[in-house]
Amino acid sequence: MNRKNQDLLLAVRIASDAGMVAAAWVLAYFLRFSGWLPVSKGVPEALLYFKLLPFLGAIWLLTFAASGLYRRTGRHRSAIFEALDILQCCAIATAAFIAFTYVYEEYRYSRVTLLIFAALHPWLVIVGRSAVRKALRRYRRSMPGRRTLLIGSGECLKQAAELNDASDLVRGDLVGAMLVGDVDATRDAELYCRSRKIPVLPRPSDWIEFFTRNAMDCVVIALPHQAAEFLETELAVIADQVPDVKYVPDLTRFTRFAAGVDIIQGVPVVSVHESPLAGIGSVAKRLVDVAGALVALLLFGPVMLIVAVAVVVTSPGPIFYRQERMGLDGKTFAMLKFRSMPVNVEATSGAVWAKEGDGRATPIGALIRKTSLDELPQFFNVLKGDMSLVGPRPERPVFVEQFRRKVPGYYLRHKTKAGITGWAQVNGWRGNTSIEKRIECDLFYIQNWSLLFDVKIILLTVFRGFINKNAY
């Protein structure tokens, strides 16, 4: 789907969501004060409630955007999974709105109205999105079919055909495919086309004559790098004969995350690894980090004080241990921990990976490492901006240099801030465990990030992330 259609679809979804949330708030007001429920203090002016509509829209749209509901994508999502995402996002936005009404002390709003709104608005949003989906489907059906020719080979051809199927606004009818490339790739593509009943057309010797006899609205070219010669020799002629020519670059094998495209002075520039943790998502994540770190420091303050006293009493030296770690974009920072080992313990051994039975920790140090209490000072790193509550665990630069040479994709974990906890940690991959599995979890987290995913990881950390058999 082209960018113009994506922008249109995104605008329609945003308008639908904002309209449904506003309608739910207005409806909740009238249901509360229409007379069928008792009112002890009289009916408030509607303006007192309706003046909150801009704040409602801002809170809901920011929450939806930060949770990934407005990501540009051409893939169809299951309506059921979308509804579940909307229910979770609405719960978070409702909590934020209730907190806002307590800060916004101009008027004490009816709790019954808030309750009616909380129960009503998620379903209106879901109904609104369903209506948008049906309207777009009717719109596509009303449009004349676009005759589309696919020129490709192997996996590139398959990807282009699937992208064509998943187009949300303008759907082309594949009238045939031409196979270009090496023998194996072409044979594989031919079997794929036969299975989908897509005619396989012979490559013409004269493109002008071909398009004169077979009028096409669009040509999609999806070729591997090895077939780049085709573009040099044939593309100019094809572009002169067809009103719409699209090229699907062979980037799948290079990308771990979504690829982004920017147009700079008319030249398309492709970002091979574009993290979803960008733009408004990064702002929302930072706000949650600051709020969460402050709450955590208040909750764990007494525990941190006890641990600090225990460290001082049982071992000479400072309370905190500052260790150089690598975070966002490969930049280093000083990560704080409660000191769990004697001072200068690595003076002779150098940087050593902690493992079972190494015996370097002090008695109190072994306890706080096993229970992860030594990690609590990292909430100060979160407030400073060096770390996030959730993200890949930061490693020491010396280990990063080792791992990036032998673990494919290792350095991609630095596309986001390091975290106190992460998807790898709650799945048991911490300490002296498989680096490959840890990286697999880290990349999965970055690819699928949302605020709801962060909340899930934090909850899992509370229940099973503090004490771990692999923490030495």
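## Helix H3

Seven residues to look at in H3 are Leu56, Gly57, Ile59, Trp60, Thr63, Phe64 and Ala66, which are buried (under 20% relative accessible area with a 1.4 Å probe and protein chains only; over 50% is exposed, and in between is partly exposed). The model is a predicted one, where local features need pLDDT of at least 70, side-chain atom pairs count only at pLDDT 80 or more, and totals for chains, interfaces and linings use all residues. Residues are numbered from 1 along each chain as its sequence is written, and side-chain values use heavy atoms, with hydrogens and water left out.

H3 covers residues 53-66, and its end C-alpha atoms sit 20 Å apart, in agreement with the 20 Å that 14 residues should span at 1.5 Å a residue (the expected span is 1.5 Å times one less than the number of residues). Helices here are DSSP runs of H or I with at least four residues, strands are E runs of at least two, and both are numbered from the N terminus. After H3 comes Gly68, with a positive phi near 90 degrees.

## Glu395

Glu395 is in the loop that runs between strand E9 (387-390) and helix H13 (397-406). Its relative accessibility is 7%, so Glu395 counts as buried. The Glu395 side chain makes a polar contact of 3.1 Å with the side chain of Arg438 (a pair of N or O atoms within 3.5 Å; within protein, one must be able to donate a hydrogen and the other to accept it, and residues adjacent in sequence count only if both atoms are side-chain atoms).
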